[in-house]
Amino acid sequence: MKGLNLSIVSRNFIFLILLTFLPVVSVFSQAIVPRGFYEFVFGGQVTEFDDKKQRDVPLPGCSVNLYKGSTLVATSPTGSNGKFKLKIPPDEDFMLTIAKFGYVTKKIAINTISVPGGKFEYQVDIDLFKVFPGLDYSVLNQPIGRIIYNATLSPAPNFDYDKAFTARIQAQLSKLKDLARFAREKMRLYQAAIDAGDLLFNEKDWVSAKAKYMEALVLLPDEAYPKNKLAICEVKIAESGAEKKKFDDAMAAGEAMFTAANYSGAKMKFKEAAGLRPVDPLPPKRVKACEDAMVGADKERMYTDAIKSADQKFT
């Protein structure tokens with residue numbers, strides 16, 4: 001490769017959060033390198049907006065892939081800090097994709113054709129957001145930016161964003177801004193449903209909690225958290241139904257025994273019901289009624305026995 005025996009290291013930032021390019025002042029260092037030497041390191045950080053914290057936070061687990069046509073050339077996953085870095089080969093047109101399951105995928109075109117020798121570095125900040133049903137994401141089928149070599153860049157030639165390309169896709173970027181705003185509002189509604197569901201879950205209101213988790217799943221059908229909570233709620237609701245039947249059966253048996261004057265048996269059934277539902281005031285009341293009835297029955301029996309004994313003495 002022909003070119004300057006010059007090492008040029010530049011850190012320009014493309015902020016794709018609102019999908020407009022905002023380069024900052026570049027810092028250059030120069031060193032003598034062999035003629036024809038070429039190295040272009042492209043890196044940056046992937047973030048998402050945290051509705052609770054009201055700020056962008058690193059997004060780990062993203063796949064940052066470099067393609068030449070349909071061929072994968074290089075890949076770099078984002079770590080816990082959301083950062084990635086990969087080397088871009090010379091003399092080609094590439095497409096960089098930034099993706100994560102459940103999130104939108106963004107693309108950046110990178111052109112390294114006819115770049116003179118040198119050492120280059122370029123960084124971008126990219127914001128991803130979750131995919132919500134009902135929103136049109138076709139605007140993301142095309143790249144949202146293009147990186148090219150700029151020989152006229154001051155104070156030294158380097159890679160920069162393609163201003164002409166950006167100007168041509170302003171309508172696309174405007175749509176993407178709206179899409180990001182809609183997605184953020186959907187995320188706010190999702191988080192509100194999750195928070196409400198968690199509160200009801202902690203209060204053991206399984207039916208109401210289930211409704212809130214279902215509301216969250218309508219907004220984000222692939223999210224694991226509401227699915228897991230929903231499953232627990234359904235188990236708890238089923239358990240509650242089984243316990244209700246046991247309670248109702250114990251109370252019904254107790255009432256039947258009470259009517260038949262089997263106060264001892266009724267008392268046992270009402271105590272069983274009280275154990276199944278400790279906060280219900282009815283079973284203890286029925287236990288007391290059984291005890292009172294048993295005392296009354298004892299008195300009645302004693303009275304009857306006394307009458308019988310007296311009658312026997314006069315016969």
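This is a predicted model: local features need pLDDT of at least 70, side-chain atom pairs count only at pLDDT 80 or more; totals for chains, interfaces and linings use all residues.
Analyst: Residues are numbered from 1 along each chain as its sequence is written, and side-chain values use heavy atoms, with hydrogens and water left out.

User: Why is Asp56 called partly exposed?

Analyst: Asp56 has a relative accessible area of 28%. Buried means under 20%, exposed means over 50%, and partly exposed lies in between (1.4 Å probe, protein chains only), so Asp56 is partly exposed.

User: Where is Asp56 placed?

Analyst: Asp56 is in strand β3, residues 55–58. Strands (E, at least two residues) are DSSP runs, numbered from the N terminus.

User: Why does Cys62 count as buried?

Analyst: The relative accessibility of Cys62 is 1%, which is under 20%, so Cys62 is buried. Cys290 is also buried, at 0%.

User: How many disulfides does the structure hold?

Analyst: The structure holds zero disulfides. A disulfide is a pair of cysteine sulfur atoms within 2.5 Å.

User: What makes β8 and β10 a pair?

Analyst: Two strands pair if DSSP finds at least two bridges between them. Strand β8 (residues 106–111) and strand β10 (residues 146–150) have two bridges, in the parallel sense, so they pair. Ala109 has Arg146 in β10 as its bridge partner.

User: In which sense do β10 and β11 pair?

Analyst: β10 and strand β11 (residues 158–161) pair in the antiparallel sense, over four bridges. Asn150 has Asn158 in β11 as its bridge partner.
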